[in-house]
Amino acid sequence: MSTFAYRSGALVLSVSLVAILGGAAQAAAPKTDAAKITNAMSAAPASVSRNAAVAEMNQDGSMKELRKGTNGWTCVPDDPSSPGNDPMCLDPNAMEWLNAYLGKAPPPNKIGFIYMLQGGWDFSNLDPYATKPDGGKATITGPHVMVVGPGVKMAPGYDRTGNGVNARIPYVMWKDTPYEHLMIPTR
């Protein structure tokens with residue numbers, strides 16, 4: 001993807017309901033570094049985000065550090081190319097997973113955790129690299145957390161419907177791909 005690819009799931013990794021639900025006007029993406037830091041920190045509980053590094057995704061996939069952190073977590077502000085507010089906070093294993101996803105490389109054999117407490121949206125629950133909504137409708141998720149890594153393939157009992165999934169219950173996104181991950185609503 002040529003623009004802030006982290007939006008999937010979460011990303012990818014994913015994306016706020018404010019701009020999409022009920023036809024509400026799109027919230028303006030933060031413009032200053034201070035606003036981006038505040039926005040990024042809103043993705044996780046303060047106990048995580050207050051000491052997290054904050055980094056902005058450049059269009060080439062590289063990261064620009066906006067603030068140093070001390071707890072190993074990295075928070076990323078809203079993707080301005082997406083219709084909603086979609087900041088996220090990732091633990092170190094999830095950052096490795098995200099980098100693998102962005103580089104279309106095999107993900108690490110580690111379990112990672114991502115907060116997206118502002119919610120998210122994705123073009124597809126099946127294709128991690130979709131560039132338009134499957135069937136004309138994006139998947140919208142409310143506040144959620146994600147568990148990423150190959151261990152998700154061994155987690156039985158979660159909805160693996162794909163498109164049309166009920167995003168109000170835990171489900172697997174991008175099933176049967178290397179980037180399969182568990183989406184867990186927090187409300």
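Which residue forms a salt bridge with Glu-65, and how far apart are the closest N and O atoms? The partner is Lys-68, and the closest N and O atoms are 3.2 Å apart. Here a salt bridge is a side-chain nitrogen of Lys or Arg within 4 Å of a carboxyl oxygen of Asp or Glu.

The model is predicted: local features need pLDDT of at least 70, side-chain atom pairs count only at pLDDT 80 or more, and totals for chains, interfaces and linings use all residues. Residues are numbered from 1 along each chain as its sequence is written, and side-chain values use heavy atoms, with hydrogens and water left out.

## Salt bridges

Side chains of opposite charge can pair when their charged atoms come close. The whole structure holds 5 salt bridges. The table gives some of them.

| Glu-65 | Lys-68 | 3.2 Å |

Lys-68 is exposed at 66%.

Glu-96 sits in helix α3 (residues 92–102) and Lys-110 in the loop between α3 and β5 (112–116), so the pair ties together parts that are 14 residues apart in sequence. Glu-96 is partly exposed, with a relative accessibility of 35%. Lys-110 is also partly exposed, at 35%.

Glu-180 is buried, at 2%. Lys-153 is partly exposed, at 44%. A network of salt bridges links Lys-153, Arg-160 and Glu-180.

## Fold and surface

The protein has 3 helices and 10 strands. Both are DSSP runs numbered from the N terminus: helices are H or I with at least four residues, strands are E with at least two. From the N terminus on, the order is α-α-β-β-β-β-α-β-β-β-β-β-β.

Of the 187 residues, 49% are buried. The accessible surface comes to about 8,300 Å², and carbon and sulfur atoms hold 56% of that area. Areas come from the Shrake-Rupley method with a 1.4 Å probe; for residues, only the protein chains shown count as cover.

## Nonpolar core

A nonpolar core is a set of buried Ala, Val, Leu, Ile, Met, Phe, Trp, Tyr and Cys residues joined through side-chain atoms within 4.5 Å. Which residues have the most contacts inside the largest one? They are Leu-90, Trp-97, Leu-98 and Ile-114, in a core of 20 residues. Two or more residues each come from β4 (88–90), α3, β5, β8 and β9. Helix α3 gives the largest share, 5 residues.

## Largest pocket

The largest pocket has a volume of about 480 Å³. The search uses a 1 Å grid over the protein atoms alone; a pocket is an open set of points with protein on both sides within 12 Å along at least five of seven lines, and lining residues have an atom within 4 Å of a point. Points are joined across faces, edges and corners, and the volume is the space filled by probe spheres set on them.

The lining has 25 residues, and Thr-139, Ile-140, Thr-141, Val-165 and Ala-167 lie nearest the centre. Strands β7 (139–141) and β10 each supply at least two lining residues. The lining divides into 11 nonpolar, 10 polar and 4 charged residues.

## Loop residues

Trp-174 is not a glycine, yet its phi is positive, about 60 degrees. Trp-174 lies in the loop between β9 (171–173) and β10 (181–185). Is Trp-174 buried or exposed? Trp-174 is buried, at 0% relative accessible area.

Asp-176 also has a positive phi, near 60 degrees. Asp-176 is in the loop between β9 and β10. Asp-176 is exposed, at 66%.

Technical notes
Buried < 20%, exposed > 50% of the residue type's maximum accessible area, 1.4 Å probe, protein only. 1 Å grid on protein atoms, 1.4 Å probe; cavity = no way out; pocket = protein on both sides within 12 Å on 5 of 7 lines; lining within 4 Å. Nonpolar A, V, L, I, M, F, W, Y, C, P; charged D, E, K, R; others polar.
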